[in-house]
Amino acid sequence: MIKIKRAYEPVSEADGYRVLVDRLWPRGMKKEELALSEWAKDLSPSKDLCASFDASPEEWERYQAEYKWELQRNEAKEKISFLSELALNSNVTLIYSSRDKEHNNAVILKEILEQGIRLKQRANLPYSL
């Protein structure tokens, strides 16, 4: 299962594997407070993309498309595959720091990871007519 959670929310055992998916460390947070399993900077949007996003609905569509394009890098593809595989059998929580809970990179990344999980599940299904 893939979940998303703001960095400033309390840590829970149910979070499972906690991955920070932002390029910058969450302001005012200590390493111990986040209890991360990993900081995946290679899954974060580029500095230029973040700077150009103003959270308007029109910009959200553009931001999603550009972020998905950026995730086509080999490093990101490997990490996406790893997290999708991990999420087949355990909880994975994507940690982000944005105040906007509906328009951030973790929302997009969750969707991509869930697509990867569905593909992996279909690949393991027995063939039938």
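User: Buried or exposed: which word describes both tyrosine 63 and tyrosine 67?

Analyst: Both tyrosine 63 and tyrosine 67 are buried. That word means under 20% relative accessible area, while exposed means over 50% and partly exposed lies in between, using a 1.4 Å probe and protein chains only. Before we go on, a note on the source: this is a predicted model, where local features need pLDDT of at least 70, side-chain atom pairs count only at pLDDT 80 or more, and totals for chains, interfaces and linings use all residues. Residues are numbered from 1 along each chain as its sequence is written, and side-chain values use heavy atoms, with hydrogens and water left out.

User: Why is the pair of tyrosine 63 and tyrosine 67 called stacked?

Analyst: Rings of Phe, Tyr and Trp (its six-membered ring) pair if their centres lie within 6.5 Å; planes under 30 degrees apart are stacked, over 60 edge-to-face, and the rest tilted. Here the centres are 6.2 Å apart and the planes meet at 20°, so this pair is stacked.

User: What makes tryptophan 60 and tyrosine 63 an aromatic pair, and of which kind?

Analyst: Their rings are 5.8 Å apart, centre to centre, with 20° between the planes, which makes the pair stacked. Tryptophan 60 is buried, as is tyrosine 63. Ring pairs join Trp60, Tyr63 and Tyr67 into a cluster.

User: How many residues apart are tryptophan 60 and tyrosine 63 in helix α3?

Analyst: They are 3 residues apart in α3 (residues 57–70), about one helical turn. Helices (H or I, at least four residues) and strands (E, at least two) are DSSP runs, numbered from the N terminus.

User: How do you know where the charged end of lysine 41 sits?

Analyst: A charge sits over a ring if NZ of Lys or CZ of Arg is within 6 Å of the ring centre and within 35 degrees of the ring normal. The charged end of lysine 41 sits over the ring of tryptophan 39, 4.1 Å from its centre.

User: Which residues of α4 are buried?

Analyst: They are Ala76, Lys79, Ile80, Leu83, Ser84 and Ala87. Seen down the axis, these buried residues fall within an arc of 135° and so line one face of α4; the arc is that of the directions from the helix axis to the C-beta atoms. The face turned away from the buried side carries the exposed residues Asn74 and Glu78.

User: What is the relative accessible area of isoleucine 2?

Analyst: The value is 6%, so isoleucine 2 is buried. Isoleucine 2 is found in strand β1.
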